[in-house]
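Please look over the sequence and the fold before reading on.

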Amino acid sequence: MRKRTLGKSGLEVAPLAFGGNVFGWTIDEKTSFQLLDAFTEAGFNLIDTADAYSVWVPGNTGGESETIIGNWLKARGNRDKVVIATKVGWEIGPNQKGLKKDYILRRVEESLRRLQTDYIDLYQSHVDDAGTPFEETLEAYDQLIKAGKVRAIGASNISADRLKQALEASQQHQLPLYQSLQPEYNLYSRQDFEKELEPLCLEEGIGVICYYSLASGFLTGKYRSEEDLNKSQRGGGVKRFLNERGYRILSALDLVAAKHNANPAQVSLAWLMARPSITAPIASATSLAQLEDLTKAAHLKLSQEDIAALDEASAY
């Protein structure tokens, strides 16, 4: 598997990341282990999670995903073979959110304990915190990098203006730079990333690992009518894509997929992987068949004609 460098971090990652939000939510530990084994055996190495996964599940308190990953790392003894990305800052309870220095320093210890490791490859600010000065957040990360507990840092859910300010604060105060960005980006949701964030990432050499790469499953082609929304618990989030533009995108995906003996999900991911700004899209799977299906995208080479057809169908 040909690796790509994530920004200027020195981290080498395969072009598809496993989204760990499903661990402890829609799949149990046993199934999670099977999927992680298959993912790494296929040559992939980037696993994305967060301290907040999966706090939204009744009875969960956050950290369930990290715990499962940590148990897997310990059982397999393969820590040096994988790149672990986790996040801090999302609200997980009363007074448990944000990017203040003392909060980050406390939360990282809990993540390290759950992951059963002494370092995190990529530690990301899960959501922008306008109430905390960038210098304070970056000082926490500086301390963690110097202590060997974090290798590189990234940002997520942040505007281009705020990301630019964060980079300026890093340079002004000689603090670590964000090396990656995790935005929402896919063939349907293009505008927010492409207008301002993408040019900034290309200019500054920031790696991009995007989430909702398949638009909550819409780009798999599984949902083509309102009746289809009952097919899974994620169906409700797909309704907004069932419009003229959405159907146009699905038609283009079907045509390109037929040319390559592929399916819409594989083409959607291959389109992201072919974009110069994208290091690795994030996708989740809940079964081995689903995972095998998604990993084939890394071997699918779209032509310029294919990409142009998809660009035109999804134009905004």
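At what angle do helix α7 and helix α8 pack, and how far apart are their axes? Helix α7 (residues 244-260) and helix α8 (residues 264-273) pack at about 95°, with axes 8 Å apart. That makes α7 roughly perpendicular to α8. Roughly perpendicular covers 65 to 115 degrees; under 35 degrees counts as roughly parallel, over 145 as roughly antiparallel, and the rest as oblique.

This is a predicted model, in which local features need pLDDT of at least 70 and side-chain atom pairs count only at pLDDT 80 or more, while totals for chains, interfaces and linings use all residues. Residues are numbered from 1 along each chain as its sequence is written, and side-chain values use heavy atoms, with hydrogens and water left out.

**Helix packing**

Two packed helices are described by the angle between their axes and the distance between the axes. Axes are lines fitted to C-alpha atoms, for helices over the stretch in contact, and angles run from 0 to 180 degrees between N-to-C directions. Helices (H or I, at least four residues) and strands (E, at least two) are DSSP runs, numbered from the N terminus.

| Helix pair | Angle | Axis distance |
|---|---|---|
| α7 and α8 | about 95° | 8 Å apart |
| α1 and α9 | about 25° | 10 Å apart |
| α3 and α4 | roughly 35° | within 8 Å |

Contact means heavy atoms within 4.5 Å. In the α7 and α8 pair, L253, D254, V256 and A257 of α7 meet P264, V267 and S268 of α8. By class, this contact has five nonpolar residues, one polar and one charged. Ala, Val, Leu, Ile, Met, Phe, Trp, Tyr, Cys and Pro count as nonpolar, Asp, Glu, Lys and Arg as charged, and the others, Gly among them, as polar.

Helix α1 spans residues 29-41. Its angle with α9 is about 25°, and the two are therefore roughly parallel. The crossing of α1 and α9 is right-handed. A crossing is right-handed if the near helix is turned clockwise from the far one by less than a right angle, and left-handed if anticlockwise. Q34, L35, A38 and F39 of α1 touch L288, L291 and T295 of α9. Five of these residues are nonpolar, two are polar and none is charged.

Helix α3 (residues 101-115) crosses α4, again in a right-handed sense. From α3 come K101, I104, L105 and V108; from α4 come E136, T137, E139, A140, Y141, Q143 and L144. The classes are six nonpolar, two polar and three charged.

**Cavities**

A cavity is a set of points on a 1 Å grid over the protein atoms alone where a 1.4 Å probe fits but cannot get out; lining residues have an atom within 4 Å of a point. Grid points are joined across faces, edges and corners, and a volume is the space filled by probe spheres set on the points. There are two cavities of 30 Å³ or more.

L16, A17, F18, F39, A283, L291 and L294 line it. Two or more of these come from each of β3 (17-19) and α9 (288-295). The lining has seven nonpolar residues, no polar and no charged ones.

**Backbone geometry**

Most residues other than glycine have a negative phi, and most peptide bonds are trans. Y53 and S54 are joined by a cis peptide bond, with omega about 5°. S54 sits in the loop between β4 (46-48) and α2 (64-76). S216 has a positive phi, near 55°. S216 lies in the loop between β9 (207-208) and α7.

Terms used. 1 Å grid on protein atoms, 1.4 Å probe; cavity = no way out; pocket = protein on both sides within 12 Å on 5 of 7 lines; lining within 4 Å.
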